[in-house]
Each structure stands twice: as structure tokens, then as C-alpha cells.
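Please look through the sequence and the model shown here before reading the report, and keep both at hand while you read.

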Amino acid sequence: MERFETYLTQHLPKISTFHPIYEEALGAMLLAGGKRFRPMLLLSVVEAYEPLLYESALPVALALEMFHTYSLIHDDLPIMDNADLRRGVQTLHKRFDEVTAILVGDALNTDAFLLIAKAPLRCDVRIELVELLAYNGGGEGMVHGQALDCYFENQPLIIDQVRQLHINKTAKLIAASLQMGAVIVCIEKQTQEALYDFGIGLGLLFQIQDDIIDETHSSQEAGKTTQNDGDKNSFVTILGLEQSIVEADSLARDLQKRFESFDMKLQTALQPLIETYLYRHE
């Protein structure tokens with residue numbers, strides 16, 4: 001984590017502009033911190049198999065964090081979740097203004113692909129990384145999930161539809177983080193697919209846990225606006241708090257078994273993240 005944080009602070013966007021707040025706004029939500037879950041998944045896979053590629057993978061890890069941060073900035077906008085707090089600080093549209101928040105999100109999205117394109121990796125690897133991020137973060141992935149989330153506000157879905165919504169909105173980008181790490185170190189396709197499938201389950205668990213935290217924690221404790229999902233198709237809204245905890249426990253146990261099927265290199269590298277996040281709803 002420390003190496004990634006150092007890299008991030010050294011590679012914040014630097015813009016030659018006479019705009020009074022644009023450059024500050026570009027880096028504001030990145031500097032606010034966060035779990036860094038997605039970049040750390042990618043870097044853990046790289047470190048497990050090819051530690052000499054760690055430095056070359058840092059731009060890709062930062063690209064993931066920039067892409068994720070763009071999604072949070074847009075998710076918090078008044079037209080979407082209308083949130084006041086993110087990562088323990090004011091949301092970007094509150095700190096600056098709505099137009100600035102929209103444009104910063106747009107810039108972070110686009111610049112994420114620029115970072116991957118310029119990463120010191122083979123051309124075929126960079127192309128595959130761009131494809132994975134675009135597929136899982138775009139119209140067939142995260143954006144699709146956001147569209148479902150917004151369109152079906154105040155329209156309760158069945159639980160299978162809720163799972164599908166959150167697989168797209170949250171899980172696919174987490175799964176892509178693992179697979180992108182595997183692509184960088186040229187792991188065979190079968191293991192890539194196993195990592196991706198594990199990531200879908202991990203991402204779904206991550207979302208259930210977020211829904212539980214939203215219900216049980218204050219905004220100050222969570223570092224973001226909570227108890228704001230009453231109109232949304234969250235797991236807690238559809239299943240209730242008690243059943244959501246049961247669902248999270250069951251999924252966590254299944255993921256633990258699947259995790260133990262990975263080779264020891266991968267288990268050792270991912271263990272700290274798995275220990276931190278597998279049962280964080282408890």
C-alpha cells in the first residue's frame with residue numbers, strides 16, 4: 001500500500017492551465033484516500049508471480065484507482081445519490097461545484113486509459129488491459145449497473161435482479177482488477193478465469209457488506225453518506241438487515257473455500273486483503 005500511495009502522490013495530474021481550481025479538483029478525491037482495494041488486488045497478483053514487474057504495474061494500478069474514483073464522483077452527484085461525504089471529506093460537487101465534479105470525473109475516466117496506454121509493458125498486454133477495463137467498467141459493466149440502479153429506484157426488484165445489478169455496478173470492476181494483474185504477469189487463461197469468477201463473488205460480497213455498513217454505521221464512521229439507500233435496490237432494502245448478514249456470511253464461507261484452491265503464491269499475496277475484507281460486515 002505504501003509504495004502505491006507514494007506513486008499516486010508523485011503522479012497526480014499536473015495541468016498547465018489558468019483555471020483557478022481545476023488542477024486542485026482533479027487530485028482532490030484521489031488524495032482523500034480510500035481503501036485502494038482494486039489497485040491492491042492487481043498489485044498483489046503481480047507481486048505473487050513477477051515481483052520485478054511491480055513498478056511497471058503501478059501505472060495500471062493507478063489507472064484502476066482513477067477510474068473507480070471517477071465512478072464515485074459521478075455516483076455522489078445530486079442527480080444520482082446526492083451525497084455530501086465521501087472518503088471522510090466533502091464530495092467534489094459540494095467542495096467545488098457540480099460542473100467541476102462532472103468534468104473531473106470525465107477527466108479521470110479518460111486519463112485512466114492514457115495511463116495504461118503509456119505503461120512500460122508489452123503492447124499486447126496494454127491492449128488487453130484496456131479491453132478489460134473498458135468492458136468491465138463501461139456499457140456492459142459498471143455503467144450498466146449504475147443505469148439499473150438509477151432506473152429502478154422506488155421499484156423493488158427480485159433478489160436475482162438485485163444480484164445482477166450489483167454484479168455489474170460493483171463486482172465486475174473488482175473481478176477485472178484481479179484479472180488485469182494476471183494479464184500483466186501472463187498467467188494462463190484458466191487461472192485468469194478462476195480469478196475473475198472469484199472476483200465476481202468477492203465484489204458481490206463487498207457490495208452486501210457496504211449495504212450492511214450503510215444501515216448500521218453513521219456517516220462519520222463510514223467516511224461517506226450513509227442511510228441513503230431507502231429508495232435503492234440494496235440487499236438490505238430487499239432482504240432486510242438480518243438476512244443480508246446471513247447472505248454475506250454464506251458468500252464469505254464459499255469464497256474462503258475457493259480462495260484455498262489457489263496456489264500458495266497467490267494465497268500468500270492476497271491473504272492480507274482477504275483477511276481484511278472477507279468478514280468486515282461482522
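Predicted model: local features only at pLDDT ≥ 70, side-chain atom pairs only at ≥ 80, totals over all residues.

## Helix α2 and its neighbours

Helix α2 covers residues 22-31, and within this helix Ala25, Leu26, Gly27, Ala28, Met29 and Leu30 are buried. These buried residues pack against several other elements of the structure, namely the helices α1 (2-10), α4 (54-75), α5 (92-95) and α6 (98-118), together with the strands β1 (85-86) and β2 (89-90). Just after the helix comes Gly33, whose phi angle is positive, at about 100°.

## How α2 meets α6

One of these neighbours, α6, packs with α2 at an angle of about 70°, and the axes of the two helices lie 10 Å apart. Because angles from 65 to 115 degrees count as roughly perpendicular, α2 and α6 are described as roughly perpendicular to each other. On the α2 side the contact is made by Tyr22, Ala25, Leu26 and Leu30, while α6 contributes Thr100, Val104, Ala107 and Leu108. Sorted by class, the residues of this contact are seven nonpolar and one polar, with no charged residues.

## The largest cavity

Rolling a probe the size of a water molecule over the atoms shows where empty space is left. In this model there is one cavity of 30 Å³ or more, and the volume of the largest cavity is about 60 Å³. Its lining consists of Met29, Thr69, Leu72, Ile73, Asp76, Leu77, Arg86, Arg87, Thr91, Leu92, His93 and Ala101.

Which elements give two or more residues to the lining of the largest cavity? They are α4 and α5, and α4 gives the most, with three residues. When the lining residues of this cavity are sorted by class, six are nonpolar, three are polar and three are charged.

## The second largest pocket

The second largest pocket holds about 230 Å³ of space. The residues that line this pocket are Tyr7, His11, Leu12, Pro13, Pro59, Met66, Asp111, Leu114, Leu115, Lys118 and Ala119.

Both α4 and α6 supply at least two residues each to the lining of the second largest pocket, and the largest share, four residues, comes from α6. By class, this lining has eight nonpolar residues, one polar residue and two charged residues.

Terms used. Residues numbered from 1 in each chain as written. Heavy atoms only, no water. Buried < 20%, exposed > 50% of the residue type's maximum accessible area, 1.4 Å probe, protein only. Contact = heavy atoms within 4.5 Å. 1 Å grid on protein atoms, 1.4 Å probe; cavity = no way out; pocket = protein on both sides within 12 Å on 5 of 7 lines; lining within 4 Å. Points joined across faces, edges and corners; volume = space filled by probe spheres on them. Nonpolar A, V, L, I, M, F, W, Y, C, P; charged D, E, K, R; others polar. Axes fitted to C-alpha atoms, helices over the stretch in contact; angles between N-to-C directions. Parallel < 35°, antiparallel > 145°, perpendicular 65-115°, else oblique.
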